[in-house]
Amino acid sequence: YNTVLNAVAVGTYEALAKIAVATGNDREAETFEMLADDIRDTMITTLYNEETGLFSDGLNAEGVASAHYAQHATAYALAFGIYKNQAMADAMADAIAEQGEIRMSVYGSYFLLKGLYDSGNGDVANALLLDENTEQGARTWAYMLYNLDATITAEAWNSDTKSNMTLSHAWG
């Protein structure tokens, strides 16, 4: 009942549907699209908070949405198109913009930026990407560039978020 895992599942089923179409398996494509649509619709119905524009982190065993709304839940939902229209995508982006900072890992920030750009909210993505905060503990690329002298993305934002981080992490 995890929001992030279900968002990734939607993206996976949509990718499988495209592969099925490309290989001439139209029935399989329909099945994969139906699965993606069912999960997306259920996520919106059970996890999305229209008042805040945020997705809850998930459901408990009784099917009740968590009261916790981590940034990554909404970021992954945006990245995998878990919204019913542009107004909803904009509300999600506005909620992230109101947070004023990246609150997720360096790795996760890819999904945050992808979702914002893909949903037509590049202005919000640009503001986060170009945040000039270099204070200790800042989750910004400026911190990496100016405080860590990074030439590639480090494993973590800074040693406050991961004390044994590497400056040349493989995925960087």
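These notebook entries record what I looked up in a predicted model.

**Conventions**

I number residues from 1 along each chain as its sequence is written, and I use heavy atoms for side-chain values, with hydrogens and water left out. The model being predicted, local features need pLDDT of at least 70 and side-chain atom pairs count only at pLDDT 80 or more, while totals for chains, interfaces and linings use all residues.

**Entry 1: helix α6**

I looked up which residues of α6 are buried. Helices here are DSSP runs (H or I, at least four residues), numbered from the N terminus, as are strands (E, at least two). I take buried as under 20% relative accessible area, exposed as over 50%, and partly exposed as in between, with a 1.4 Å probe and protein chains only. Helix α6 spans residues 122-129, and its buried residues are G122, V124, A125 and L128. Seen down the axis of α6, these residues fall within an arc of 160°, so they line one face of the helix; the arc is taken over the directions from the helix axis to the C-beta atoms. On the face turned away from the buried side I noted the exposed residues D123 and A127.

I then asked what covers the buried residues of α6. The cover includes α4 (86-99), α5 (106-118) and α7 (141-147), where contact means heavy atoms within 4.5 Å.

**Entry 2: salt bridges**

I counted a salt bridge wherever a side-chain nitrogen of Lys or Arg lies within 4 Å of a carboxyl oxygen of Asp or Glu. The count comes to five.

One of them joins R40 to E14, with the closest N and O atoms 2.2 Å apart. This pair links distant parts of the chain, since R40 belongs to helix α2 (residues 26-47) and E14 to helix α1 (residues 3-22), 26 residues apart. R40 is buried, at a relative accessible area of 12%.

R40 also forms a salt bridge with D37, the closest N and O atoms being 3.0 Å apart. Both residues lie in helix α2, three residues apart, about one turn of the helix. An α-helix has 3.6 residues a turn, so residues three or four places apart point the same way. D37 is partly exposed, at 33% relative accessible area.

I also recorded a salt bridge between the side chains of E155 and K162, at 3.3 Å from N to O. E155 counts as buried at 17% relative accessibility, whereas K162 is partly exposed at 27%. Salt bridges that share partners join E14, D37 and R40 into one network.

**Entry 3: aromatic rings**

I paired rings of Phe, Tyr and Trp (its six-membered ring) if their centres lie within 6.5 Å; planes under 30 degrees apart count as stacked, over 60 as edge-to-face and the rest as tilted. The count comes to seven aromatic pairs. For Y110 and F111 the ring centres are 5.0 Å apart and the planes stand at 80°, so the pair is edge-to-face. Y110 is partly exposed at 48%, whereas F111 counts as buried at 12%. I found Y76, F80, Y107, Y110 and F111 in one aromatic cluster.

**Entry 4: L145**

L145 lies in helix α7 and counts as partly exposed at 47% relative accessibility. L145 and L116 are 29 residues apart in sequence and 23 Å apart in space, C-alpha to C-alpha.
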